[in-house]
Amino acid sequence: MMKTVFALLSLFATASAFVPSQSANVAKTALSAVSQPEAMKTISTVAAGFMPAVLTSSAALATEGTNEWFGVDDLRLLGVLFAGHYFILTLWLGQYGDATEDDDADFFGEIDYTGR
């Protein structure tokens with residue numbers, strides 16, 4: 001019996017969540033509910049653009065429980081990681097560093113199947 005009463009009350013509570021509000025003091029939009037001075041609007045706009053950059057760049061400094069950058073306890077290992085990436089970069093730049101964006105070298109024509 002108690003389970004049935006609880007289920008019935010839960011059904012009523014769920015249905016009441018979809019009933020429109022009857023209060024008279026409702027703002028049409030969230031922006032019209034708050035009146036802010038122009039300076040505060042500017043500060044909040046700057047903060048909205050600045051905070052994602054700050055929060056996403058801090059992922060590079062994630063310590064992963066080791067209290068060290070990139071989760072590396074030994075600075076020698078961190079140096080080897082950066083030196084390895086720098087070495088690969090120098091190899092790539094040595095091979096492709098002087099490559100230019102020559103439009104004539106790209107192939108955008110038709111394929112010649114005649115064998116001439």
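1. Arg76 is exposed, its relative accessible area being 65%. Side chains of opposite charge can pair when their charged atoms come close. Searching the whole structure turns up one salt bridge.

2. This is a predicted model, and confidence should be read alongside the geometry. Mean pLDDT for the protein is 75, with 62% of residues at 70 or more. Of the elements, helix α4 (residues 75–96) has the highest mean pLDDT, 89. The lowest, 62, belongs to helix α2 (residues 30–33).

3. The secondary structure consists of four helices and zero strands. Read from the N terminus, the order of elements is α-α-α-α.

4. How much of the protein is buried? Of its 116 residues, 2% count as buried, where buried means under 20% relative accessible area. The protein exposes about 11,100 Å². Carbon and sulfur atoms supply 66% of that area.

5. A nonpolar patch lies on the surface, made up of Met1, Val5, Leu8, Leu9, Leu11 and Phe12. Together these residues have about 660 Å² of accessible area. Met1 sits in the segment before α1 (2–16). Met1 counts as exposed because its relative accessibility is 79%, and the cut-off for exposed is over 50%.

Notes. Residues are numbered from 1 along each chain as its sequence is written. This is a predicted model: local features need pLDDT of at least 70, side-chain atom pairs count only at pLDDT 80 or more; totals for chains, interfaces and linings use all residues. Side-chain values use heavy atoms; hydrogens and water are left out. A salt bridge is a side-chain nitrogen of Lys or Arg within 4 Å of a carboxyl oxygen of Asp or Glu. Buried means under 20% relative accessible area, exposed over 50%, partly exposed in between (1.4 Å probe, protein chains only). pLDDT is the predictor's confidence in each residue, from 0 to 100. Helices (H or I, at least four residues) and strands (E, at least two) are DSSP runs, numbered from the N terminus. Patches are made of residues with over 30% relative accessible area and no salt bridge: like charges are joined within 9 Å, nonpolar side chains (Val, Leu, Ile, Met, Phe, Trp, Tyr) within 5 Å. Accessible areas come from the Shrake-Rupley method with a 1.4 Å probe; for residues, only the protein chains shown count as cover.
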